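Here's a quick briefing to get you started. Have a look at the sequence and the fold, then read on.

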Amino acid sequence: LIESRSFLRTMLDTIADPIFVKDSAHRWIEGNKSFWELIGPEISIKGKTDYDIFPKDLADQFWEGDDRVFKSNHAHEAEERLRDKNGKDILIVTRKQPFVMSNGEKGLVGIIRDITVQRAMEEELRLHRDNLQELVEQQTKDLLIAKDAAETASQAKSEFLANMSHEIRT
């Protein structure tokens, strides 16, 4: 049993994504190393709820997601903002899954994925795509202007040659 628990703890702590467990009272009862590094020291977080750690607006959002899992008994995934232990706002996707603990009480397991960098890259890509679209439109306009100028020059050349040919014949 000790060996199994040690193996499980090592495996959980090796996972890069923060993982947490809450009881039906919304209290954190377990987490992996990544979770405690994100939120704060295990000793000061365990047994507390979102309202003890986060501003009310964030706590309301997290609590609502937890309630959805507890009431529906189905997994819930949400994109959320989170303020980490250093006060930095990050964008996360949290997947919460219900389960029944050994004492019969409902609980949930949550997995957090930080998508801040991914969203920033998507926004940068969108800006580049928009900029590229503007460049294509501008070049298209420039090419149409050049085409019109070339057609006008060709028309003028044709008229000039026609006039010169007529003059030479005359």
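Two strands count as paired if DSSP finds at least two bridges between them. Helices (H or I, at least four residues) and strands (E, at least two) are DSSP runs, numbered from the N terminus. Keep in mind that this is a predicted model, where local features need pLDDT of at least 70, side-chain atom pairs count only at pLDDT 80 or more, and totals for chains, interfaces and linings use all residues. Residues are numbered from 1 along each chain as its sequence is written, and side-chain values use heavy atoms, with hydrogens and water left out.

**Strands**
- Strand 5 (residues 106-114) runs antiparallel to strand 1, and five bridges join them.
- In strand 5, Leu108 sits opposite Lys22.
- Strand 4 (residues 89-100) is also antiparallel to strand 5, with nine bridges joining the two.
- Across from Arg95 you'll find Ile111 of strand 5.
- Strands 4 and 5 make a hairpin with five residues between them, and Gly104 in the turn has a positive phi of about 90°.

**The largest pocket**
- A pocket here is an open set of points on a 1 Å grid over the protein atoms alone, where a 1.4 Å probe fits, with protein on both sides within 12 Å along at least five of seven lines.
- The largest pocket has a volume of about 360 Å³, meaning the space filled by probe spheres set on the points.
- Its lining (residues with an atom within 4 Å of a point) has 14 residues, with Leu8, Arg9, Leu12, Val21 and Glu30 nearest the centre.
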